[in-house]
Amino acid sequence: MAEVKLENVSKIYPNNVIAVKDATFEVKDGEFMVLLGPSGCGKTTTLRMIAGLEDVTKGYIYIDNKIVNDVPPKDRDIAMVFQNYALYPHMSVYENMAFGLKLRKYPKSEIDKRVKEAAKILGIEHLLDRKPKELSGGQRQRVAVGRAIVRNPKVFLFDEPLSNLDAKFRVQMRTEISKLHQKLGATMIYVTHDQIEAMTMGDRIVVMKDGIIQQIDTPLNLYNFP
Ligand code: ADP
Ligand code: ADP
């Protein structure tokens, strides 16, 4: 079970920028929710608050009906995939994927099992010994997703994970992330400024503009498909 709820959440940065204003929405267990809007509308800030990487100025964030405003990121059972992949350049693919589990003191055998399972799911078993610089953009993105999968989190957060990829890989990875969602059945929140990505991937879409939520609905209802 993993539900995420925001209740009247606002974020004002120290420079007085109001990045998010009075955001209220609920992501159901197993749902794929997209946060859609132009650059600067507050999507990343919203995601970072859910992950606990950014303090909430006002309002409450709930995970499974528990207020988590004061819960540190590592105790939120959430994994985030970043736009720039954030891989460690000096570590192999294997070590990159294992790192978060090592930090959390998982036994080596369990780490090994999880890394190899995730690598299999993502089709990167043959790349485990490579360094990030020896990978294509799409392969790097898979490693970044793999690092999230091995943690087996309740909730996955994706921050524009495909925006650095070529158009061709972008379409392919879109499909792969949707398949992954079906396979894992996990709750996912996915940030993008790309309408097509939102329409093709989201169970529902939160449309944001200037820090304010404009609409929350299914792609079908939002875009009035014939
Ligand atoms: P998006 O992800 O939709 O591009 P962001 O959440 O990154 O939007 O940014 C929302 C607003 O907050 C923007 O006006 C941005 O300039 C501002 N902002 C983001 N991060 C910071 C920060 N650390 N300090 C001050 N302002 C910020
Ligand atoms: P440490 O540096 O913590 O000793 P190692 O890199 O020696 O960790 O790896 C420990 C275990 O992880 C190995 O016994 C092996 O089973 C597995 N492992 C490490 N690298 C790979 C890899 N590239 N492919 C498959 N398994 C690996």
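Which residues in helix 2 meet which residues in helix 4?

1. In this predicted model, the helix 2 side of the contact consists of Val93, Asn96 and Met97. Their counterparts in helix 4 are Val143, Gly146 and Arg147. Sorted by class, the contact of helix 2 with helix 4 has 3 nonpolar, 2 polar and 1 charged residues.

2. On the geometry of this pair, helix 2 covers residues 93-103 and helix 4 covers residues 137-149. Their axes come within 8 Å and cross at roughly 30 degrees. Angles under 35 degrees count as roughly parallel, and helix 2 and helix 4 are therefore roughly parallel to each other. The crossing of the two helices is right-handed.

3. Four strands make up an open sheet in the order 2-1-4-5, and the pairing is antiparallel. Strand 2 (18-27) and strand 5 are at the edges with a single partner strand each, so one side of each has no neighbour in the sheet.

4. Strand 1 (residues 4-12) is joined to strand 4 (residues 58-63) by 5 bridges, and the two run antiparallel. Within this pairing, serine 10 has lysine 58 of strand 4 as its bridge partner. Strand 1 also pairs with strand 2, over 6 bridges and again in the antiparallel sense. There, lysine 11 stands opposite valine 20 in strand 2.

5. Strand 5 (residues 66-67) runs antiparallel to strand 4 and is joined to strand 4 by 2 bridges. Tyrosine 62 stands opposite isoleucine 67 of strand 5.

6. Across which strands does helix 1 lie? Helix 1 (residues 43-51) lies across strand 1, strand 2 and strand 4. Relative to strand 1, helix 1 runs at about 120 degrees.

7. Finally, the whole chain. The protein has 7 helices and 10 strands. Its C-alpha atoms fill a box of roughly 45 × 45 × 35 Å, taken along the principal axes. A compact globule with 226 residues would have a radius of gyration near 17 Å, and the value for the protein is 17 Å, which agrees.

Terms used:
Residues are numbered from 1 along each chain as its sequence is written. Chains are lettered from A and ligands numbered from 1 in the order in which they are written. This is a predicted model: local features need pLDDT of at least 70, side-chain atom pairs count only at pLDDT 80 or more; totals for chains, interfaces and linings use all residues. Side-chain values use heavy atoms; hydrogens and water are left out. Two strands pair if DSSP finds at least two bridges between them. Axes are lines fitted to C-alpha atoms, for helices over the stretch in contact, and angles run from 0 to 180 degrees between N-to-C directions. Angles under 35 degrees count as roughly parallel, over 145 as roughly antiparallel, 65 to 115 as roughly perpendicular and the rest as oblique. A crossing is left-handed if the near helix is turned anticlockwise from the far one by less than a right angle, and right-handed if clockwise. Contact means heavy atoms within 4.5 Å. Ala, Val, Leu, Ile, Met, Phe, Trp, Tyr, Cys and Pro count as nonpolar, Asp, Glu, Lys and Arg as charged, and the others, Gly among them, as polar. The radius of gyration is taken over C-alpha atoms; the globule rule is 2.2 Å times the number of residues to the power 0.38.
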